[in-house]
Amino acid sequence: MLTAPTFRSVEGAYVALLQLATKEPEQHIDARGNAAREVMGVSFRLTDPRQRLPYLAERKANPVFQFAEALWYLAGRRDLEMISYYAPSLRASSADGINLNGSAYGYTLFNPAHGAEQSPFDRVVELLLNEPDSKRGYLPVFSAKELSDRANPDVACLAGLHLLSRGGRLHMVCHMRANDLDCGLLSDVFSFTMIQEYAAIQLDLQLGTYTHTIGSAHVNDANADRVRRVIHEAATRPEPTTFLFPAMPESTIPATIARLLEHEEALRTNQLRYSAEHIRGLGLDPYWQQVVMLFELYRQIQHDQSTAVDSELLAALDPGLRWLMERKWPACTEAAAGGAQ
Ligand code: 5HM
């Protein structure tokens, strides 16, 4: 088969790639201290890129981080302050303790390069509005100059995102030089398909397919045990757990992202605390209300160090997000158990 194998949701592609790299690795590598099993040049296509979350108890995906990272990209940011609150391990990738460089993909995509008037993203949107069939809607991210410093801790893994408007739908093809199949792939697909959906809204197009291609697809030896457990769970559960991820509202514009990040900052810095009722009254679309609910739950976990979060707020989450939160965070598991009594 010369085209990428097709999956409906990211979960199927994720499990298939874990199986491939675990059972049929092409080689064992050891780069920058990370021993890993590797397969070269793999790809898959998602027919419904909105189905961007896996529901596997052994994987415990973190929807709080997923949305935080997607919004951090969409807002064109690179500050460690915001993103390390959700993923402290990212601090190790910052050369100056203030910003991320290579992996701050949104900074590259959503800000004008030095001397330019438009961001690369805005330029591609304008191009596709004028010539929908164009093949030039490419958003490069990796830059050769990142390799000039041999000690650079943060070289972009994303080579670029290609937007293609075809038949009234916006498709995306993503090229990654390297992808950690267990740790990087899920958050990358989540965020890039969010960028795709956001772009489709700006172009007034329906969401098309998402194709993901990887140069070095690998599973680090350090994660081999968890990977085995995930593969076992996927192979032995009676039925997959499925929830439908809803569509991003068509009213989403840059001001929506900025407004969400005002709430995010107030919660991250513990200046405000919200109830479910308060969040419903913020004037946000219900889709984005869910994200503010996730940020408030995370505030309770981080700042209040609650042993059980607000059960009313947890119950207000969409069932899929609730399922993930209850598996990821003990304070959510505890609140759900209390609510069930
Ligand atoms: O040594 P190297 O720069 O390739 O290490 C980066 C590691 O992070 C690789 O395992 C790569 O696959 C993973 N990674 C990822 O999967 C990193 C980033 C951040 O750029 C990412 N996805 N988004």
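Helices here are DSSP runs of H or I with at least four residues, strands are runs of E with at least two, and both are numbered from the N terminus. This is a predicted model, where local features need pLDDT of at least 70, side-chain atom pairs count only at pLDDT 80 or more, and totals for chains, interfaces and linings use all residues. Residues are numbered from 1 along each chain as its sequence is written, and side-chain values use heavy atoms, with hydrogens and water left out.

**View 1. E81 sits in helix α3, which covers residues 80-86.** With a relative accessible area of 59%, E81 counts as exposed (buried is under 20%, exposed is over 50%, and partly exposed is in between, using a 1.4 Å probe and protein chains only). Look past the neighbours within four places in sequence and you find E81 in contact with I98 and R268, where contact means heavy atoms within 4.5 Å. R91 is ten residues from E81 along the chain, and their C-alpha atoms are separated by 9.2 Å.

**View 2. N220 belongs to strand β7, residues 206-220.** Here the residue is buried: N220 has a relative accessible area of 14%. Setting aside residues up to four places away in sequence, N220 touches N34, A35, A36 and D180. Take A36 from that list: it is 184 residues from N220 in sequence, yet the C-alpha to C-alpha distance is 4.1 Å.

**View 3. The rings of F67 and F190 make an edge-to-face pair.** Rings of Phe, Tyr and Trp (its six-membered ring) pair if their centres lie within 6.5 Å; planes under 30 degrees apart are stacked, over 60 edge-to-face, and the rest tilted. By this rule the protein has 20 aromatic pairs.

**View 4. R32 has a positive phi without being a glycine.** Its value is about 50°. You'll find R32 in the loop between β2 (27-31) and β3 (34-46). R32 is exposed, with 69% relative accessible area.

**View 5. Q305 is a residue other than glycine with a positive phi.** For Q305, phi is near 50°. The residue is in the loop between α10 (286-302) and α11 (311-315). Q305 is exposed, at 62% relative accessible area.

**View 6. Stepping back, the protein has 13 helices and seven strands.** Its radius of gyration is 20 Å, close to the 20 Å that the globule rule gives for 341 residues, so the protein is as compact as a globular protein of that length (the radius is taken over C-alpha atoms, and the rule is 2.2 Å times the number of residues to the power 0.38). Along the principal axes, the C-alpha atoms fill a box of roughly 55 × 50 × 45 Å. Of the 341 residues, 52% count as buried. Among contacts between residues at least 6 apart in sequence, 69% join residues at least 24 apart.
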